[in-house]
Amino acid sequence: MKKLLFMLITGLLGPGAFAQQKPNVVIIYADDAGYGDLSCYGATKVKTPNLDRLAKSGIRFTNGHATSATCTPSRFALITGRYPWRKTGTGVLPGNAAMIVPVGQPTLPSMMRKAGYKTGLVGKWHLGLGDGKEIDWNEDIKPGPNEVGFDYSFFFPATADRVPTVFVENGRVQGLDKNDPITVNYKEKVGNEPTGKENPELLKMQASHGHNNTIVNGIGRIGFMKGGQKARWADEELAYAFTDKAEQFIEENHRHPFFLYFALSDIHVPRMPATAFKGKSGLGYRGDAILEMDWMVGRIMEKLKALGLEKNTLVIFSSDNGPVLDDGYVDEAVTMQNGHQPLGPLRGGKYSAFEGGTRVPWIVSWPAGVKAGQTSDALISQVDLFASFAKMTGQPLGATDAPDSFDMLGALLGKTQKGRDWLILQGGPLSLVQGDLKYISPSNGQKLMKEVNVESGNDSAPQLYDLKKDVGEKQNIAAEHPEKVKEMAAMLEKLKEA
Ligand code: NG6
Ligand code: CA
């Protein structure tokens, strides 16, 4: 009888009727947003009302981490459930790199698809494209996100400062004129368009370091390109273009459970926000980009509300690595800092082994499943989202799937404050966090990365910090605890082999 009733209702309402019980999942993944860049994390010089509201409606995590202090490796971990440093070639990729996400192995989106979700990527990809042969930007570009689990994708290949500066939709460059084919080269100049190096007078924003190859939209890029004139984006439209596509994906798929990975370009360089945001923060374009980022979050929340989905949608906001002020352009982030503290109480920043490299804003909201108004100190990593969502959606994981991903669903949903017992972090050197202690392995690189003005965390001696007492990592207590240092160094080695 029950079965009959089920069949009848399913027949009447369609297969989505029951599946819709599962929450939709939206990961909003900012680029280079620091722990102190949001007002709900203590920023006072800039306001992020939409993010603050999101945090109030759910949980604000104080000890949530990206796996790494740069983009590509953090994204690799998020998508594969595997630590990036286990695989070579997972550092920051050029725009013409081959895809590093293995085809045919389970990924976070392919797992969600198996669980009955429609899956979409909108925004920054930066995990490579193609199989290693030179990419032909004028044909179907494969493999890419659609071959590793996304039903839909609209993205730019690498970063906003790397060529090609075009959108790719489901493997095709958007708006490409066949008579003006695209060529990309990261070794030498192609075509005869001006470069930042040869023609700095043509730039609307000067480079402080690097970024002096092909000029697109008045901005010097990393890498050279020619062709595709009509397909090139204007930086000022990135936020609108991505938000429109994200909304469209939600609109088109809201009758099924959907999984949207919304990877923002903000607040990465070149910071060139929409004109509407320019000058609005009083902190230069970096602050204006924070306002734009917050606006994007607001638009997504409004869309969910308009479709009646705000209660049963789990929204996560986080960032791929910590903050940096001068990342290669003269954009007033430094001169107009005006007291803003992108790191909050942390030390280091983007690229760094100190907490500022990987400890990032992390908000979870799901009104139907998570109690509002919580703060959690649980230690969690983005590498854990794979196993946690597998648990949530009832997907079994094979023995070799997502090997570094732990089921942290209880912590993510605020059922417990207990997170991981330990976590490996990647700045330059690897660190091991265990309980309150953090061990940074010795390394010989420079201590201060001068161009970006970030403390790397490199030291030829081992470092040990008590994060509970000293989240700013000011007191290296390694000399007082030689046994602990030895133990944690050995544990890190063992975990690396595992
Ligand atoms: C660096 C770039 C920096 C940024 C970074 C990647 C220079 C001088 N610096 O090499 O601007 O693009 O790579 O950032 O070129 S990430 O957030 O994608 O990891
Ligand atoms: Ca980044």
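Q: Which residues is Leu-38 in contact with, leaving aside its neighbours within four places in sequence?
A: Two residues are in contact if their C-beta atoms, placed from the backbone, lie within 7 Å. Leu-38 is in contact with Ala-43, Thr-48, Leu-51 and Pro-361, once its neighbours within four places in sequence are left aside. This is a predicted model, where local features need pLDDT of at least 70, side-chain atom pairs count only at pLDDT 80 or more, and totals for chains, interfaces and linings use all residues. Residues are numbered from 1 along each chain as its sequence is written, while chains are lettered from A and ligands numbered from 1 in the order in which they are written.

Q: Where is Leu-38 found?
A: Start with the elements: helices (H or I, at least four residues) and strands (E, at least two) are DSSP runs, numbered from the N terminus. Leu-38 sits in the loop between strand S1 (24–30) and helix H3 (49–56).

Q: Is Leu-38 buried or exposed?
A: Count C-beta atoms, which are placed from the backbone. A residue is buried if 20 or more others lie within 10 Å of its own, exposed if 12 or fewer, and partly exposed in between. Leu-38 has 30 other C-beta atoms within 10 Å, so it is buried.

Q: What is the place of Leu-283?
A: Leu-283 is in the loop between strand S12 (258–263) and helix H7 (284–306). Leu-283 is buried because 23 other C-beta atoms lie within 10 Å. Leaving aside neighbours within four places in sequence, its contacts are Lys-45, Val-46, Met-336, Gln-337, Asn-338 and His-340.

Q: How many helices and strands are there in the protein?
A: The protein has eleven helices and 22 strands. The radius of gyration, taken over C-alpha atoms, is compared with the globule rule, 2.2 Å times the number of residues to the power 0.38. The protein has a radius of gyration of 22 Å, close to the 23 Å that the rule gives for 498 residues, so it is as compact as a globular protein of that length. Its C-alpha trace spans about 80 × 70 × 45 Å along the principal axes. Buried residues make up 53% of the 498 residues. Among contacts between residues at least 6 apart in sequence, 70% join residues at least 24 apart.

Q: Which domains does the domain assignment give?
A: Domain bounds come from an automatic or database domain assignment. Here it gives domain 1 (24–182 + 227–413) and domain 2 (422–497). Their C-alpha centres lie 27 Å apart. The contact takes 27 residues from domain 1 and 21 residues from domain 2. On the side of domain 1 that touches domain 2, helix H8 (residues 355–358) gives the largest share, three residues.

Q: Where does UniProt place the feature "domain: Sulfatase N-terminal"?
A: UniProt, in an unreviewed entry, places that feature at residues 23–394. UniProt positions are given in the numbering used here, feature names are shortened, and annotations may be inferred rather than shown by experiment. The end C-alpha atoms of residues 23–394 lie 12 Å apart, and the span is 21% helix and 16% strand.

Q: Which residues come nearest to ligand 1?
A: A residue is near a molecule or strand if its C-beta atom, placed from the backbone, lies within 6 Å of it. Of the 17 residues around ligand 1, Thr-70, Cys-71, Gly-210, Asp-327 and Gly-328 come nearest.

Q: Which peptide bond is cis, with omega near 0 degrees?
A: Most residues other than glycine have a negative phi, and most peptide bonds are trans. The bond from Val-163 to Pro-164 is cis, with omega near 0 degrees. Pro-164 lies in the loop between strand S5 (152–156) and strand S6 (168–169). The peptide bond from Asp-266 to Ile-267 is also cis, with omega near 5 degrees.

Q: What is the phi of His-211?
A: Phi of His-211 is near 50 degrees, a positive value in a residue other than glycine. His-211 is in the loop between strand S8 (183–185) and strand S9 (215–216). His-211 counts as buried because it has 24 C-beta neighbours inside 10 Å.
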